[in-house]
Structure formats: structure tokens, C-alpha cells
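Q: Could we go through this model together? I would like to begin with the sheet.

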Amino acid sequence: MKALGYWTSHLDPSLPDPRTLRIEYSDLRFKQALLGYLQAGNCYTQWRGLSYCRFACDVEAPAMGSKCLSDGEWVWPEGLAHYVDVHSVGLPEEFLDAARRRQFTMPAIAFDCNGPRATLDYSIWRRFAAG
Ligand SMILES: [Zn+2]
């Protein structure tokens with residue numbers, strides 16, 4: 001499973017800071033479809049605590065979520081939609097292509113949210129963030 005939308009922290013300082021990944025979403029229909037896709041992800045992992053916004057905006061913590069979501073190919077934090085929506089954070093073309101291939105329709109997959117977590121592959125995410 002490929003990871004995206006994970007940010008630098010003391011646990012892994014090599015992950016990107018979202019403030020360096022802002023882009024212009026000129027196609028607003030595309031942006032809305034992408035947001036719908038991100039929000040419709042299947043629960044992949046349920047965490048105990050809520051996330052927070054790295055832009056320190058005044059978003060309510062519940063909007064940042066406490067889950068990781070998946071489309072069966074990619075895994076992202078529930079709060080990623082907020083970063084795309086409010087802070088215009090860009091995402092890797094590989095993920096956008098996968099969403100387009102599915103016409104932004106989320107496949108329904110029942111993961112065991114509380115089960116063991118597979119190791120995620122961060123290589124595309126790291127390459128995107130570095131470039
Ligand atoms: Zn924010």
C-alpha cells in the first residue's frame with residue numbers, strides 16, 4: 001500500500017512539511033472531485049487521538065480526523081482533504097491518476113481498522129515532496 005499526505009514529525013523528520021507543497025488548483029471541478037475522493041476513503045486504521053493542522057489554522061480538531069483512509073491502493077490521513085481544500089496542498093500525479101482511473105468513485109473495501117497495520121510504501125510520496 002502506497003502512502004501519501006504524511007507530514008514531518010519527531011517520529012520521522014524526513015517526511016515533508018505541507019507548507020512547502022502548496023500549489024494552485026486552477027480546475028475547481030477537479031479539486032471538488034478530488035476532495036470527494038479523499039473524503040470517501042475506506043477506514044484503514046483508526047487511531048485514538050485527533051490530528052491537527054500543520055498550518056495552525058483555526059480548523060476544529062474533529063475535521064482533521066483520527067483515521068487513515070484507503071482506496072485499496074493508497075493510504076492517507078483523514079485530514080488530507082483539509083490540506084487540499086483550505087491550504088491548496090498538491091498531491092503526487094500517480095495518486096491523481098489512480099483517482100481519475102476510478103472516475104473519482106471510491107471502491108468500497110472493508111478493512112479491519114483495528115487490525116495489524118501493513119508497512120506502507122512512502123517512496124512515491126517522498127519523491128514527490130523532494131521534487
Ligand atoms: Zn488548516
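Q: Which residue is the bridge partner of Leu69 in strand 4?
A: In this predicted model, Leu69 has Trp76 of strand 4 as its bridge partner.

Q: In what sense do strand 3 and strand 4 pair, parallel or antiparallel?
A: Strand 3 and strand 4 pair in the antiparallel sense, over 3 bridges. They form a hairpin with 3 residues between the strands, where Gly72 takes a positive phi near 95°.

Q: And how many bridges join strand 1 to strand 4?
A: Strand 1 and strand 4 are joined by 2 bridges and run parallel. Lys2 has Trp74 as its bridge partner in strand 4.

Q: What is the strand order in the open sheet, then?
A: The open sheet has 4 strands in the order 1-4-3-2, and the pairing is mixed. Strand 1 (2-3) and strand 2 stand at the edges with a single partner strand each, so one side of each has no neighbour in the sheet.

Q: Back to strand 4: which of its residues are buried on each side?
A: Trp74 and Trp76 are buried on one side of strand 4, and Val75 and Pro77 are buried on the other. Both faces of strand 4 are therefore covered, given that a residue counts as buried when 20 or more other C-beta atoms lie within 10 Å of its own.

Q: Turning to helix 1, which of its residues are buried?
A: Leu34, Tyr37 and Leu38 are buried in helix 1. Seen down the helix axis, the buried residues of helix 1 fall within an arc of 95°, so they line one face.

Q: What is exposed on the other side of helix 1?
A: Leu28 and Arg29 are exposed there.

Q: What covers the buried residues of helix 1?
A: The cover includes strand 4 (74-77), helix 3 and helix 4. As for Leu38, this residue touches Trp76, Leu80, Ala81 and Val84, leaving aside residues up to four places away in sequence.

Q: What span does helix 1 reach?
A: Helix 1 covers residues 28-39, which is 12 residues, and reaches 16 Å from its first C-alpha to its last. That is close to the 16 Å expected at 1.5 Å a residue.

Q: Which residues touch the most other members of the largest nonpolar core?
A: That core has 22 residues, and Leu4, Leu38, Val75, Trp76, Leu80 and Val84 touch the most other members. Two or more residues come from each of helix 1, strand 3 (67-70), strand 4, helix 3, helix 4 and helix 5 (123-130). Helix 3 gives the most to this core, with 4 residues.

Q: A change of topic: where is Ala56, and what is its phi?
A: Ala56 is in the loop between strand 2 (42-46) and helix 2 (61-64). Its phi is positive, about 55°, although Ala56 is not a glycine.

Q: Is Ala56 buried or exposed?
A: Ala56 is exposed, because it has 8 other C-beta atoms within 10 Å and a residue with 12 or fewer counts as exposed.

Q: And where does Ser88 lie?
A: Ser88 lies in the loop between helix 3 (80-87) and helix 4 (93-101). Ser88 has a positive phi of about 55° and is not a glycine. With 14 other C-beta atoms within 10 Å, Ser88 is partly exposed.

Notes
Residues numbered from 1 in each chain as written. Predicted model: local features only at pLDDT ≥ 70, side-chain atom pairs only at ≥ 80, totals over all residues. Expected span 1.5 Å × (residues − 1). Arc of directions from axis to C-beta. Contact = placed C-beta atoms within 7 Å. Core = buried A, V, L, I, M, F, W, Y, C linked by C-beta atoms within 7 Å. Pairing = 2+ DSSP bridges.
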